[in-house]
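Please keep the sequence and the structure in view while reading.

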Amino acid sequence: MFRIAHSTPDRPRSSVSRRWAFATMTAAILSVAACGAPGASPAASSGSATGQAVVTSAPKGPVTLNFYLESGFPLPEKLAAEFEKQYPNVKIQIREDQFAVLTQNAPRVMAGNDSPDLIRLPTIVSSAKDGLLANLDGYAHAYGWDQYPSGLLNQMRVSSQGIRGSGSLYALGIGYDITGVFYNKALAAKIGMTQPPQTIAQLESVLAEAKAAGIQPIEQFNDIGGVNFPFQDLINQYEDPGKIADWVFGKPGSTIDTPATVKAGDQIAAWGKAGYFTKDANALSYTDMMSRFEGGQALFMFNGDWESQNLTKSMGDNVGFFLAPPATAGAKPVAMSAPDTYAIPAKSKNIAATAFFLNWVHTNPQARQLIVDVTGASPGGPANLAIPSVPAGSVVAQTLQATKELGANGVAVDFTANATAGIYANTIKPELQELITGRETGAGIAKAMQADWAKELAQ
Amino acid sequence: MTTLSQRTDLSRRRGTTPRRPGGRRRGKAWVGLLFTLPALVPYVLFVLRPLVTSVQYSLYDWNGIGVARFVGLDNYRTVLTSSDELVPLLHAFELIGFFTVIPVVLGLITAALLHGLPDGPLARTARVVLFIPQVIPLVAAALAWSWMYSSNGVLNQILRAVGLGDQSRAWLGDFTWAFPAVGIIGSWVLLGLCTLLLMTGINKIDPALYDAAEVDGAGPVQKFFAVTLPGLRREIGVCVTVTVIAALASFDVVYVTTQGGPGTQTMVPGLEIFQLAFTQRTVGLASANAIVLMVLVLLVVTPLQRLSKGAE
């Protein structure tokens, strides 16, 4: 900065050299810009075959596996420790990053020469298309993963056209989450709510009663768009879930700009106007929401079963769970449900050993028990394996029961936030922040989501 | 005064050089280049090379990994026509009010006041307090500010304590207040830098000028406008340049406190570029955005340079 301001008074020379520098720079820029395209050549990126043979036996001899995980979620680390105990020849090294950092770095980390063997990867389509992920079809067949309930694995399949929902398998879940509504039992009793609402209309009347009784109806973070939980819960009940899934998976021709989304959006706006969300919702973080709900400051929180064990620890028997109620009584439940996805990078040198670990996670009794004990989410795996035991009546038992019910009678859909890489941060978040403060309408958010989805998929 | 002496010195040197043998002079130039190498090599590697590659990327549709498709100037067309990209630019210019006007004006006043103070514990404490924001990492400072602005933060506690509880709010989540709240963090950070620069400038002003003004019957205010302000022309130029760049290229404070929210109230080009490149993985569009931002900064800063040097 000082260089600019106190430039030498030796004017003629410096302006000549400056001109010279400018000319050289321009020439350099133009010459580089004109040469070859950046990135992989088409041939290099099309192949996702890994060249390593499919082996299903336990790893032999000393093996070191590198995991790249999300910080703040201790489950995979605990599973790794248990695995090392059962297979002492395997050493697992763990590197952790915050969710945002991890997702932003993932493609470059996997493309590098010291790629990890297992990575927590929430969006898999572009990485699968770029050939960064190992195609797991061979292992799915050898281990019988393709016999698992299909709803569990479809979200991790990518077709050759880059559409999720069908095609080759590129990831597996460690814990299969469902979402719904947690409620504070003591506050519910105060307003006479003895059983979970059976319809959206009943839910709304409970919200109104809570507000009238001076109880905060909903504690929901929205600094980064957490109101999307109740928003999509409503869309799910008004729309054919198959159509929502098509949209999330990026099927050409599908749309979210429907009367159902408009209706759900207007309803969320009305909830905002009625004061059902907290006044500071747009600045409220996830952690603050959790601590306030655990502290008994609100009746409802829209969240997922990955928090079941934490809530049990902090609230004991005072917390309950129900799936988002349908529009009409007795209709089949629809809920957002998604696995915590983990992929094996194509450049991993230990694909067979890592696949063995993933299979172990789904089938080993201790591993399955750990998943339920640490998070409360379902361990997935073969339908005939027993669900690990949990204390009866606990919120964990309720969320596991809800998972079972959803699997048997209901429909699980993926999060709209997962539709494209940018849709959540760039569209859903700002639109929801405007929606709950009366600056946007249901029609507006539906239109914006569809427009940005189409724009991003066209790129 | 310094300029004057520098000039005579230089002209004397210029007068002697032609008499030197040419070979020796060229040799000296090479030695000079050698000494700049430790700085020049990283500069070329980490500033010029990325700049050149950014220009290259901006002509492609590329996700950072896969196959890139040449699209010519399409990305620039998007940047210059889409409202998604123009709104952040507008915010960047609005930030100049907080990042430049407030720190420079307050900095001038503070520097003039501190100049009048005898060098003692009071002046030293004031300098330290003002300069502390420069020492604290910006991310840590922004975190501390976001706590102060939160629902139960210091700011709202104070409001409640003085009976203005109905005015309390989550400042960073409020559509009206989030932008000024972020701007004030910038003012706080840059005030110290401006004050320090302006104080060194004041100390360079010939005390005789102040004495002369006093003899002519000038009061403190007149002295400020007649002596201090013209004497600080260059320093003010530096302050304005640095802070305008900080405003237009702001990123860290916004990233830590609001992520551009609520809605898009605090979205700035720096954050937009980051999200385009790393969340949306449209490296080409992000690069085009970055180049446009760079050109814009140069367009704003270059006339400022002329202005601050105009009198010479």
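## Cores, rings and confidence

The largest nonpolar core has 70 residues, and A:Ile268, A:Trp271, A:Leu299 and A:Phe300 are those with the most contacts inside it. A nonpolar core is a set of buried Ala, Val, Leu, Ile, Met, Phe, Trp, Tyr and Cys residues joined through side-chain atoms within 4.5 Å. Buried means under 20% relative accessible area, exposed means over 50%, and partly exposed lies in between (1.4 Å probe, protein chains only). Another core lies apart from it, with 67 residues, among them B:Val240, B:Val244, B:Ile273 and B:Leu293. In soluble globular proteins, nonpolar side chains tend to be buried together.

This is a predicted model, in which local features need pLDDT of at least 70 and side-chain atom pairs count only at pLDDT 80 or more, while totals for chains, interfaces and linings use all residues. Residues are numbered from 1 along each chain as its sequence is written, chains are lettered from A and ligands numbered from 1 in the order in which they are written, and side-chain values use heavy atoms, with hydrogens and water left out.

**Chain A as a whole.** Chain A has 20 helices and ten strands; helices (H or I, at least four residues) and strands (E, at least two) are DSSP runs, numbered from the N terminus. Of the 459 residues in chain A, 54% are buried. Among contacts (heavy atoms within 4.5 Å) in chain A with a separation of 6 or more, 76% are between residues 24 or more positions apart.

The pLDDT is the predictor's confidence in each residue, from 0 to 100. Its mean for chain A is 88, and 90% of the residues of that chain reach 70 or more. Among the elements of chain A, helix 13 (residues 259-273) has the highest mean pLDDT (98) and helix 1 (residues 2-5) the lowest (35). Over residues 1-13 of chain A the pLDDT is below 50, and this stretch has 16 contacts in the model beyond near neighbours in sequence. Residues 42-49 of chain A also have pLDDT under 50, with eleven contacts beyond four places in sequence. Where pLDDT is low, the predicted coordinates should not be read in detail.

**Around A:Leu299 and A:Tyr183.** Not counting residues up to four places away in sequence, A:Leu299 touches several residues, including A:Phe182, A:Tyr183, A:Leu187 and A:Phe293. A:Tyr183 lies in strand 6 (residues 172-184) of chain A and is buried, with a relative accessible area of 10%. Beyond four places in sequence, the contacts of A:Tyr183 include A:Leu299, A:Phe300 and A:Phe322.

**Aromatic rings.** The structure holds 31 aromatic pairs over all chains. Rings of Phe, Tyr and Trp (its six-membered ring) pair if their centres lie within 6.5 Å; planes under 30 degrees apart count as stacked, over 60 as edge-to-face and the rest as tilted. Two pairs are set out below.

| Pair | Centre to centre | Angle between planes | Class |
|---|---|---|---|
| A:Trp247 and A:Trp453 | 5.6 Å | 20 degrees | stacked |
| B:Tyr255 and B:Phe274 | 5.4 Å | 75 degrees | edge-to-face |

A:Trp247 lies in helix 12 (residues 241-249) of chain A and A:Trp453 in helix 20 (residues 442-458) of chain A, so the pair ties together parts that are 206 residues apart in sequence. Both A:Trp247 and A:Trp453 are buried. The buried residues of helix 20 of chain A pack against helix 11 (228-238), helix 12, helix 13 and helix 19 (423-435) of chain A.

In chain B, B:Tyr255 belongs to helix 12 (residues 252-257) and B:Phe274 to helix 13 (residues 269-279), 19 residues apart. B:Tyr255 is partly exposed, at 24% relative accessibility.

**Backbone details in chain B.** The loop between helix 12 and helix 13 of chain B holds B:Pro262, which a cis peptide bond joins to B:Gly261, with omega about -10 degrees. B:Gln259 lies in the loop between helix 12 and helix 13 of chain B and has a positive phi, near 55 degrees, in a residue other than glycine. Most residues other than glycine have a negative phi, and most peptide bonds are trans. B:Gln259 is partly exposed, at 26% relative accessibility.
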